[in-house]
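I opened a new notebook page for this chain.

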Amino acid sequence: MPIQPCDPRPRVGITAVGALLPEDALSSDDLQREVARRSGIALPARILTQATGIVSRRVAAEGVYASTLAAGAARRALEGAGLDPLDVDLLVFASASRDLVEPATAHIVQALLGSRAHAVDVTNACNSFVNGIDLARSMILSGRARRALVVTGETPSRAVRKDPADFAEFRAAFAGYTFGDAGAAVVLEPVERGGILDVDGETRSEHWEVGGIPGGGSRHPRGDAYTYFQGDGHELRGVFEKAGTAVVDRTLHRTGMGWDGFSKVLVHQVTVPYLERFAELTGVPEDKLVVTVPELGNVASASIGVQLDRIYGELEPGERVLFVGLGGGISIMTMVWEKS
């Protein structure tokens, strides 16, 4: 059954996509050897690869920042749309990573691009990019913007603890060993048909302490120990399993769509076992997924953008894609998009 939007306002769609991956790759085996060497801990052979299914990830070189990756992806998206940076009047930097606490990284990206848009940051862990798209869409529909550029630049590899003091600290830091770096960007503007047809979400904020990077805010403004990602990956997975499928089921029911109605399903990817568990719980056919986590790791909010960039050119007008975002905090988001 097709979705029948009742809103008379113009539709907003994604009209171009770009992504940028750092050149340097780091294998899980090499990362494990570095952790073992620096910590002196005897780790089980190939534990990172076997536990996560991640073979490698990209890591940003020295002098490459979140803004660098975001601006590089933005240039590719603008080129794909045939636009100049000055054609954009809203720039949203939507990422879990950032260059600085202040000012907003959006201004650094804007300076790199040479645009003159209204520039803001949106941060909601790994859901930041989907949140940014939703915010930009809302501003266009309200008449506050004409054309938006939503970008993310993720450098979570710099929040990985490589010298844990003991095995307990290694376990607390384990989720960080899944991280990789990437940038992504999309152009949003009014479209005659298709576009973003449905958005839904759910939050379980009582679980905000399960995992994250505690440093840089008013609770822990200083101290290197707070700059590493720490958390309980098993507990986080359990929370997502309880809450995430309800949002997906609700979206399918409300839109009247089944899995066969989507050309692809783009879901935030943490590890291979978690992606397999997502497919098992939701029933999404494996051939609908765009699997990136074995080669790129968990690229935080850039995950869905990188996946979209890989399939965008293959999609025909009228084909639909479901985005499923999962973010610490925690939050779950779905978005139904139809290519115009």
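I looked up contacts, meaning heavy atoms within 4.5 Å. Of the contacts in the chain with a separation of 6 or more, 78% join residues 24 or more positions apart. I noted that this is a predicted model, where local features need pLDDT of at least 70, side-chain atom pairs count only at pLDDT 80 or more, and totals for chains, interfaces and linings use all residues. Residues are numbered from 1 along each chain as its sequence is written, and side-chain values use heavy atoms, with hydrogens and water left out.

Next I checked overall form. Buried residues (under 20% relative accessible area, 1.4 Å probe, protein chains only) make up 53% of the 340 residues.

I then counted 10 helices and 13 strands. These are DSSP runs: helices are H or I with at least four residues, strands E with at least two, numbered from the N terminus.

How many cavities of 30 Å³ or more does the structure hold? I found 2. A cavity is a set of points on a 1 Å grid over the protein atoms alone where a 1.4 Å probe fits but cannot get out, and lining residues have an atom within 4 Å of a point. The second largest cavity has about 30 Å³ of space, a volume being the space filled by probe spheres set on the points, joined across faces, edges and corners. Its lining includes Cys126, Phe129, His268 and Gly325. Both α5 (128-141) and α10 (302-311) supply at least two lining residues each.

Conventions: 1 Å grid on protein atoms, 1.4 Å probe; cavity = no way out; pocket = protein on both sides within 12 Å on 5 of 7 lines; lining within 4 Å. Buried < 20%, exposed > 50% of the residue type's maximum accessible area, 1.4 Å probe, protein only.
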